[in-house]
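Opened the notebook for a pass through this one.

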Amino acid sequence: MRQRAPETHEEKLAQLGELRDAAIHHATRTAVEKQHAKGKYTARERIEKLLDPGSFQELDTYVRHRTHDFGMDKTRPLGDAVVTGHGTIDGRRVAVFSQDFTVFGGSLGEVMSEKMCKVMDLAAKIGCPVIGINDSGGARIQEGVVSLGAYGDVFVRNVQCSGVIPQLSLVMGPCAGGAVYSPAITDFVLMVKETSHMFITGPDVVKTVTGEEVGFEELGGAMSHSTRSGVAHFAYDDEDACLEDARYLLSFLPQNNLGTPPRVRPTDDPLREDEALDHIVPDNPNKPYDMRDVVRGIVDDGEFLEVHEHFAQNIVCGFARLDGATVGVVGNQPRALAGVLDIDASCKAARFVRTCDAFNIPLLTLVDVPGFLPGTTQEWGGIIRHGAKLLYAYTEATVPKVTVITRKAYGGAYDVMASKHMLADFNFAWPTAEIAVMGPEGAVNIIHRRDIAGSPTPAERRAALIDDYRARFANPYTAAERGYIDDVILPHETRPRVIAAFATLETKRVAGPKRKHGNIPL
């Protein structure tokens with residue numbers, strides 16, 4: 001049956017409204033299909049997969065933008081371009097906002113910012129983590145400078161919540177311009193390969209200004225930020241893996257800075273000794289091994305969630321459990337650059353140490369460090385300033401700190417890597433540990449230069465002096481005599497000894513000096 005043609009003015013307006021609604025719904029459906037075609041979920045689908053089933057309580061469902069310029073009065077979708085609310089992950093309360101790319105390209109305006117700020121304020125008030133899912137085309141141009149002010153309001157919340165409640169940023173689409181600074185302030189940034197991008201200026205602007213030809217993925221993709229810039233802590237092949245790992249990451253974190261991380265019922269014997277650790281350090285002091293193998297031999301069930309896995313690979317950072325309790329693990333990695341400390345490794349580890357300290361997570365440090373990386377690139381790049389960040393972070397940290405030296409601990413790097421002098425609580429060493437100002441070869445070349453030069457057999461004399469230096473100084477017992485090492489332990493004893501040390505430190509209290517804040521060398 002044909003629809004009757006409208007006769008009155010009111011009927012014409014009503015039909016026009018119906019047509020407009022139909023057009024809006026069609027556009028939204030098309031946008032959803034485009035999201036799925038790119039391998040991306042919608043804002044609501046992401047929340048449903050992230051939170052416990054049925055736990056999401058939406059807030060500000062009916063708010064609308066207030067802009068009437070540039071034809072925006074014709075499209076005023078409920079909720080604007082972000083879904084906000086709260087729910088639970090493994091039964092623990094979390095606040096969440098998820099930007100909706102199907103509405104105005106997820107662009108941020110006044111009302112969208114108000115929704116995000118409101119849910120962040122709620123998280124701070126009740127003391128629960130906040131998770132931001134970013135998928136936005138940037139500032140809403142139609143709202144002009146108001147949209148820039150809206151970003152500022154979000155940044156303020158990020159700063160105020162920093163170190164108070166855990167903040168996770170799941171970048172699952174574009175994130176450009178000023179918008180990138182919100183994730184950058186948060187504690188962890190998770191990205192998805194191929195579909196998520198972060199950059200201050202896009203490829204077109206880069207080409208115009210510098211002449212460089214660069215694609216979206218190379219400029220600001222997940223692997224670029226995971227390997228080169230260090231902006232992203234985690235990178236995933238798809239959104240399902242990203243959302244699942246976000247849940248897993250939260251299991252290691254407390255609700256806020258006044259609480260402690262959840263303790264799980266351990267399935268691994270705290271008295272377990274791993275004989276494989278006795279054979280993990282090679283006889284040749286210059287031969288590499290994988291520090292991750294040491295970590296897995298010590299922690300519960302070998303489970304280790306590595307943070308910044310692809311960035312500054314000469315140091316390893318991540319979360320694990322000992323006797324069911326969360327610990328942050330930092331370890332030099334002999335497989336990459338022999339485990340030396342450079343600019344990126346220092347910054348990576350310092351940030352992780354400060355994150356653990358902010359959220360009451362004890363620190364286990366595994367040391368095999370030959371020193372700082374030499375060279376003009378490092379010196380001119382500020383290795384002095386950046387290396388000081390790690391020294392500062394360890395000294396400032398008041399959480400329980402246990403250190404195990406597995407092999408080398410040379411020079412200033414020995415001090416920096418949670419030594420007794422940086423206020424570590426318990427410091428152990430394996431019998432293979434070499435603690436000295438520098439390696440035997442370098443020390444002999446300096447101390448005995450004339451002796452070697454005057455010898456009829458310089459090579460033999462040098463070898464004999466190296467053996468003598470190693471026997472006298474390159475061992476843990478000289479440091480133990482001074483009390484810099486609390487005990488020399490066999491490698492297979494490490495797990496039970498470390499667990500006992502942390503158990504002793506459970507009631508640790510440190511009264512800090514009265515000051516507004518320190519001035520870390522940024």
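Started with charges over rings: Arg321 sits over the face of Phe252, 4.2 Å from the ring centre. My rule for that wants NZ of Lys or CZ of Arg within 6 Å of the ring centre and within 35 degrees of the ring normal. Lys40 does likewise over the face of Phe101, at 4.8 Å from the ring centre.

Ground rules, before I forget: this is a predicted model, so I take local features at pLDDT of at least 70 and side-chain atom pairs only at pLDDT 80 or more, while totals for chains, interfaces and linings use all residues. Numbering runs from 1 along each chain as its sequence is written, and side-chain values use heavy atoms, with hydrogens and water left out.

**Ring pairs**

How many aromatic pairs are there? I get nine, pairing rings of Phe, Tyr and Trp (its six-membered ring) with centres within 6.5 Å; planes under 30 degrees apart are stacked, over 60 edge-to-face, the rest tilted. Phe188 and Phe234 have ring centres 6.5 Å apart and planes at 45 degrees, so I log them as tilted. That pair joins distant parts of the chain, 46 residues apart: Phe188 is in strand β7 (residues 188-192) and Phe234 in strand β9 (residues 234-236). Strands here are DSSP E runs of at least two residues, helices H or I runs of at least four, numbered from the N terminus.

I checked burial too (buried is under 20% relative accessible area, exposed over 50%, partly exposed in between; 1.4 Å probe, protein chains only). Phe188 is buried at 2%, and Phe234 is buried at 6%.

Next I looked at Phe426 and Phe428: centres 6.3 Å apart, planes at 0 degrees, so stacked. Phe426 is partly exposed at 23%, whereas Phe428 is buried at 4%.

Ring pairs also tie Phe188, Phe234, Tyr236, Tyr248, Phe252, Phe319 and Phe352 into a cluster. Phe252, noted above under Arg321, belongs to that cluster.

**Cores**

The largest nonpolar core holds 62 residues, and Leu170 and Phe319 have the most contacts inside it. By core I mean buried Ala, Val, Leu, Ile, Met, Phe, Trp, Tyr and Cys joined through side-chain atoms within 4.5 Å. Helix α11 (residues 343-358) gives the most to this core, six residues. I also found a second, separate core of 29 residues, with Ala81, Val171, Ala232 and Ala235 among them.

**Cysteines**

I searched the whole structure for disulfides (cysteine sulfurs within 2.5 Å) and found zero. Cys128 is buried at 1%. Cys356 is in no disulfide either, with the sulfur of Cys317 nearest at 8.3 Å; Cys356 is buried at 0%.

**Two single residues**

His233 is in the loop between α8 (222-229) and β9, and I have it as buried at 9%. A polar atom of its side chain is 3.5 Å from the backbone oxygen of Asp187. Beyond neighbours within four places in sequence, the contacts of His233 (heavy atoms within 4.5 Å) are Asp187, Phe188, Val189, Val307, His308 and Glu309.

Arg92 lies in strand β3 (residues 92-99). Outside four places in sequence, Arg92 touches residues including Leu250, Pro254 and Gln255.

Definitions and conventions
A polar contact is a pair of N or O atoms within 3.5 Å; within protein, one must be able to donate a hydrogen and the other to accept it, and residues adjacent in sequence count only if both atoms are side-chain atoms.
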